[in-house]
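Q: Could you walk me through this protein model? I'd like to start with how its parts sit relative to each other.

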Amino acid sequence: MRTVYMDHSATTPVDPDVVKEMIPFCQEEYGNPSSVYSLGQKARRAVEKARGQVAGLINASSQEVIFTSGGTEADNQALITYMEANRKQGNHIITSAIEHHAILHTCEYLEKQGYEITILPVNNYGLIEPDVLEKAMKPNTTLVSIMHANNEVGTIQPIKELAAIAHRGGAAFHTDAVQSLGKIPVDVKDMGIDLLSGSSHKFYGPKGVGFLFVKKGIKISSLLHGGGQERRLRAGTENVPGIVGLGKAAELAGSFMQERAEKLNRLGNRLIEGIIKTIPNARLTGHPHNRIPGSVSFCFEFVEGESILLMLDGKGIMASSGSACTSGSLDPSHVLLAMGVPHEVAHGSLRLTMGKDNTDEDVDYVLEVLPPIITKLRKMSPLGK
Ligand code: PLP
């Protein structure tokens, strides 16, 4: 049976060129970067090379990159330790209703610690309107955290404009760029970003490694207590093979970004147009154009997303309904609800996220398989037509 992987927002396969760079650091180059002898110093140099590669992808300097265990840790560290380190300035954080749970649950934790949280609404496209942020700013606002691109619907936020508003109000600006990095340009200087979270496994690097960009002069601290690694900002022996892999993946993502984005935009538009043409009562979710290349999300009325996934799986197509973390639960996605999608419609959500190796034949196959699945499920549904 043909298999088609269209769940790249959940994770991506590791690029073979990335694996090749990592292997020596699992085998003969196994030193600890903190060791003084040459085996350790080779590992240190590899970590520093990777730091430069990551910095290059976002137009930062190497000293502004701290390696973490992934996007979740970077988000936690950005929010918790920035707020703790800047408590004198204020205790108010602003974020949005469509953030990943790594942000929303961290905000819930901070609220319990006495911080004040404002969660901004989004419009029907999943966009945070700049004047909504402007109105929410208060004298005690210390940090604004808005994701660059959404993991469920792919909408890209006007980060430069939002960061400028945060700064005018005296707050720092964090963005969770886990879904945008390596897919669309990210320039921390041009966009005015103070803190940025990234994760390697979303752009063909290994899982369990990511980074936090911390602009020079921005005060944060280590979330973990232990050794003095990462300039005392992230305790724990560095995940050297993972970091090397992240560095290589960042370099490749930068080199191939434009050509991949052009292809994925074309494939994404074909898939969107094909679905709209062949499936009645299909609602595209997210912004019609301002979305991550190759990211396609729909709600199909009168069906359950989970049932679509199971039937697609039966045909070798891997996709998701809402985010990877919420699939498995029967609650509709908080992102779709925040965008004003009615509860019953949000249950029928499907996310198809393409990557560098998807082809026109993959799109054709989905367009051949998906419409009869929806028809069949609708016939079985008491609400169906
Ligand atoms: N933020 C966003 C927007 C995500 O999509 C994800 C993963 O799905 C994360 C954070 C968490 O990243 P990680 O899996 O590296 O912990």
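A: The C-alpha centres of domain 1 and domain 2 lie 27 Å apart, with domain 1 covering 4-12 + 257-380 and domain 2 covering 16-252, bounds that come from an automatic or database domain assignment. This is a predicted model, in which local features need pLDDT of at least 70 and side-chain atom pairs count only at pLDDT 80 or more, while totals for chains, interfaces and linings use all residues. Residues are numbered from 1 along each chain as its sequence is written, and side-chain values use heavy atoms, with hydrogens and water left out.

Q: What does the chain average in pLDDT?
A: The protein chain averages 96 on this per-residue confidence of the predictor, which runs from 0 to 100, and 97% of the residues score at least 70. Over residues 323-327, however, pLDDT stays under 50.

Q: Back to the domains: how many residues are in contact?
A: In domain 1, 31 residues are in contact with 34 residues of domain 2, where contact means heavy atoms within 4.5 Å.

Q: And how much area do they bury between them?
A: Domain 1 and domain 2 bury about 2,700 Å², 56% of it on carbon and sulfur atoms; buried area is the accessible area (1.4 Å probe) that two parts lose on being put together, summed over both.

Q: Which elements supply the domain 1 side?
A: Helix 9 (240-278), strand 10 (295-300) and helix 11 (334-338) each supply at least two residues of the side that touches domain 2, and helix 11 gives the most, with four residues. Helices (H or I, at least four residues) and strands (E, at least two) are DSSP runs, numbered from the N terminus.

Q: How many salt bridges are there between the domains?
A: The count between domain 1 and domain 2 is zero, although the structure holds 22 salt bridges, each a side-chain nitrogen of Lys or Arg within 4 Å of a carboxyl oxygen of Asp or Glu.
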